[in-house]
Amino acid sequence: FAQESVNCTLCVDGNVTLGDPSARVNTGIETLTCQDLFDRGPLELPVENCTALQAIGQSLCLCGQETPTTNGCTLCEDGSDLEFPLLEGLTGETCAELQVDAQRDVRENCYAWQGTVGVYCGCEDNVVSSVLACRLCGTDVMLPNPLDTEMDGGDSCGALEFQASIPGANCSGYREQYSEYCCQTVPPPPVPTSDSVRSVHGVHMFGVVVVVLSTALAA
């Protein structure tokens with residue numbers, strides 16, 4: 001059966017302004033700003049894809065919302081671009097989306113973002129933040145699977161390690177409560193390579209993927 005299509009705009013109200021027009025969405029083929037997506041106007045999309053596009057408009061592009069204050073924090077300490085922006089960094093969010101979250105957070109949490117999410121997103125030179133991070137499995141011991149989410153109301157082990165690394169958090173308390181579960185020897189998530197293929201669940205415009213939400217290795 002043919003999917004029902006609708007004329008879809010990035011924002012539910014196509015006339016509103018964008019709170020963050022410069023926020024970037026990596027399509028897997030190109031990187032577009034929210035303004036780029038907005039300017040493409042109404043597109044004929046399946047209902048499901050329109051819903052996904054407008055969710056991006058609301059959460060990332062901030063349709064009809066105030067311009068956020070950004071702190072200049074990058075997940076990679078040296079300011080370099082993420083090598084694997086479409087990798088799932090924390091459960092349900094790509095590294096590219098988490099980069100935006102880090103920039104919108106308070107500045108004092110930047111090292112926590114870099115030492116946990118940044119490292120798991122592939123930033124290899126996050127030396128300073130890695131020293132400051134609270135590793136749930138012990139000093140210099142990485143989580144075997146930062147995406148594991150089978151406890152504590154759905155928080156992943158990676159998210160818990162991030163929370164433990166925020167200035168003022170009780171690192172030893174987090175370790176005592178979560179290390180037994182999060183530090184079991186389990187197969188880690190696939191390490192992305194240049195041969196990675198992307199599993200697509202997102203919005204298509206003119207045959208181009210607009211939002212890619214997960215990355216997987218070829219068999």
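Modeller: Let's begin with Thr116 and what it touches: setting aside neighbours within four places in sequence, Thr116 is in contact with Ala133, Arg135, Glu161, Phe162 and Ser165. Keep in mind that this is a predicted model. Thr116 sits in helix α4. Is Thr116 buried or exposed? Its relative accessibility is 0%, so Thr116 counts as buried, the cut-off for that being under 20%.

How do the two helices lie against each other? Two packed helices are described by the angle between their axes and the distance between the axes. For α4 (residues 110-120) and α6 (residues 157-165), the angle is about 160° and the axes are 8 Å apart. α4 and α6 are therefore roughly antiparallel, since angles over 145 degrees count that way. As for handedness, α4 passes α6 in a right-handed crossing.

Now zoom out to the whole of α4. Of its 11 residues, 10 are buried, so the rest of the structure largely encloses this helix. If you want to find them on screen, look for Cys110, Ala112, Trp113, Gln114, Gly115, Thr116, Val117, Gly118, Val119 and Tyr120. And what covers the buried residues of α4? The cover includes α6, along with β5 (88-90), α3 (95-104) and α5 (127-132). Just past the end of α4 you'll come to Gly122, which takes a positive phi of about 105°.

One of those covering pieces, α3, deserves a stop of its own. Here 7 of the 10 residues are buried, so α3 too is largely enclosed by the rest of the structure. The buried ones are Cys95, Ala96, Glu97, Leu98, Gln99, Val100 and Ala102. They pack against α4, and also against α2, β5 and β6 (93-94).

The loop between α2 (47-59) and β5 holds Leu62, which has a positive phi of about 60° even though it isn't a glycine. Leu62 is buried, with a relative accessible area of 9%. The loop between α5 and α6 holds Asp140, another residue other than glycine with a positive phi, near 65°. At 67% relative accessibility, though, Asp140 counts as exposed.

Take the contacts between residues at least 6 apart in sequence: 65% of them join residues at least 24 apart. The spot where we started has such partners too, with Thr116 touching Glu161, Phe162 and Ser165.

Technical notes. Residues numbered from 1 in each chain as written. Predicted model: local features only at pLDDT ≥ 70, side-chain atom pairs only at ≥ 80, totals over all residues. Heavy atoms only, no water. Axes fitted to C-alpha atoms, helices over the stretch in contact; angles between N-to-C directions. Helix = DSSP H or I, 4+ residues; strand = E, 2+ residues; numbered from the N terminus. Parallel < 35°, antiparallel > 145°, perpendicular 65-115°, else oblique. Left-handed = near helix turned anticlockwise from the far one by under 90°. Buried < 20%, exposed > 50% of the residue type's maximum accessible area, 1.4 Å probe, protein only. Contact = heavy atoms within 4.5 Å.
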